[in-house]
Amino acid sequence: MKYLYKELEEYGQSDYYPFHMPGHKRNKVYTTSMYESDITEIEGFDNLHHPEGLIKDAQIRAARLFGSDETFFLINGSTCGILSAICATTDRFGTILMARNCHKSVYHGVLLNNLQAKYVYPEYQEEYEINGGIFPEDIKDELEKDSSIQVVIITSPTYDGVVSNIDEICSIAHAKGIPVIVDEAHGAHFPLDEKAPKSAIKCGADVVIHSAHKTLPSLTQTALIHVNGKLVNKEKLKMYLSIFQSSSPSYLLMGSIDQCMDLLEKRGSILFEKFQQNLKNFYDKIKNLQRIKIVSKEIIGKNSIEDFDMAKILISVKNLHLSGKEVYDILRERYHLQMEMASSNYVIGITTIMDEEQGFCRLADALFEIDNMFIEKDEIDEKYKEYKEDKEYKEDITVRKLKKCEEVKYTIGDASLKETKTMYLEESENKVSAEFLYVYPPGIPILVPGEMISRQALEQIFLYKKYNLSIQGLADISSRMIRVIDDET
């Protein structure tokens, strides 16, 4: 019998290099002894839900470091921050304007407050087949068309590292007195790294959520929520934070956040300078790749892309005869490089100040070897000799492309109250979804409850299955069935 803790111990001692979250990259220098430091709210250690001492001071230090009016620690991840921000800025049955490529937690917030969701869509970046940025004019058009919208929420940077024009979006929304929430979970390093894209905090966003564990040296499930200006009721936000966070918050997680803040305050500039040099050396080294392409800042200015986070190593493999998932598997199995995620035509690696020079070198060397496989084909391992030459495989299509959703029959909240039935995916066209359906990571829904299931959506789902990506949300583990609303009841 296998035990989780034993598997974790074994993996922690292995030579697998982590190009994935969490951002501490298993660096033992910045970890805390688990059992020795695990306490509850005892005398002298303050209380997250009513901070007056140590935790209050720690949050003030974090606000100063990030340049926000007020910052709160999150120990239920960015998810609880997003849920709290949405509930604090909308009325029940109100209206929210959101980017369609928001994380599933945003949709859950819509569900909890039974909101009417209005969508804006990221532009599509054809060359690398990724979602681009949100066009500010789309925000302006929607706000002018619908005066009931209470808040705007978008994701920037995206999981792929794409940054939208937050300055202009905030200016447009604030002109109408509407707050802007930015899910900057993957950009927690932005305010601290002078060579990173401009943070939404500096752009004037009213609420900014950071996943400390994603790109900073902090334990998994740790995050921060920053509040600025006067458009958001801070007391209401605090109330929801106390609802969505555990009443027994982990002092290990809070201590990890504070340790991370202390490290960044004292040594951040040195660590980021070294990190940027490692990134520069890596990008210089991989310039001569022939078939594999690494996304860089050349995409800025196209498809509403305001900036791009070079700390995200986005590896396009569309010119190979392998899918992103296959390259992901090769990197893991042959080179012991564990990447963050794979899509149909690309692989993503997350890098942070905790990454080491040898990790970047190992990845660069591995990519050159894979690239050369298709120059000297005789040297390809048996496992990867079978090339997929069929027309369907070569189609210029991505599972991440977002199109305007089909007919919305019910709000997410109303749909959750309907009677449902289960059927095969193949039979569900023109039925109404009762489920959130997404690939994880990154957790962006293809379908949400209340939406009509179109042929296009089904084709996208089948494409996910073809590439063996991790589909979540379907009624059965084999991903053959889906719950739909039973309109006959």
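Modeller: Contact here means heavy atoms within 4.5 Å, and the model we are about to read is a predicted one.

Biologist: With which residues is Ser68 in contact, leaving aside its neighbours within four places in sequence?

Modeller: Once those neighbours are set aside, Ser68 is in contact with Ala63, Ile201, His226, Val227 and Asn228. Ser68 itself belongs to the loop between helix H2 and strand S2 (70-74).

Biologist: Is Ser68 buried or exposed?

Modeller: Buried means under 20% relative accessible area. Ser68 has a relative accessible area of 10%, so it is buried.

Biologist: How should I read the packing of helix H2 and helix H9?

Modeller: Two packed helices are described by the angle between their axes and by the distance between those axes. In this structure, H2 (residues 54-66) and H9 (residues 251-285) pack at an angle of about 40°, and their axes are 10 Å apart. That angle makes H2 oblique to H9, and H2 passes H9 in a left-handed crossing.

Biologist: Which residues of H2 and H9 meet?

Modeller: From H2 come Ile55, Ala58, Arg61, Ala62, Arg64, Leu65 and Phe66, which meet Tyr251, Met254, Asp258, Met261, Leu264 and Glu265 in H9. By type, the residues of this contact between H2 and H9 divide into nine nonpolar, no polar and four charged.

Biologist: How many of the residues of H3 are buried?

Modeller: Helix H3 (residues 77-89) is mostly covered, with 12 of its 13 residues buried, including Gly77, Cys80, Leu83 and Thr89. From its first C-alpha to its last, H3 reaches 19 Å, which is close to the 18 Å expected at 1.5 Å a residue.

Note on methods
Residues are numbered from 1 along each chain as its sequence is written. This is a predicted model: local features need pLDDT of at least 70, side-chain atom pairs count only at pLDDT 80 or more; totals for chains, interfaces and linings use all residues. Side-chain values use heavy atoms; hydrogens and water are left out. Helices (H or I, at least four residues) and strands (E, at least two) are DSSP runs, numbered from the N terminus. The expected span of a helix is 1.5 Å times one less than its number of residues. Buried means under 20% relative accessible area, exposed over 50%, partly exposed in between (1.4 Å probe, protein chains only). Axes are lines fitted to C-alpha atoms, for helices over the stretch in contact, and angles run from 0 to 180 degrees between N-to-C directions. Angles under 35 degrees count as roughly parallel, over 145 as roughly antiparallel, 65 to 115 as roughly perpendicular and the rest as oblique. A crossing is left-handed if the near helix is turned anticlockwise from the far one by less than a right angle, and right-handed if clockwise. Ala, Val, Leu, Ile, Met, Phe, Trp, Tyr, Cys and Pro count as nonpolar, Asp, Glu, Lys and Arg as charged, and the others, Gly among them, as polar.
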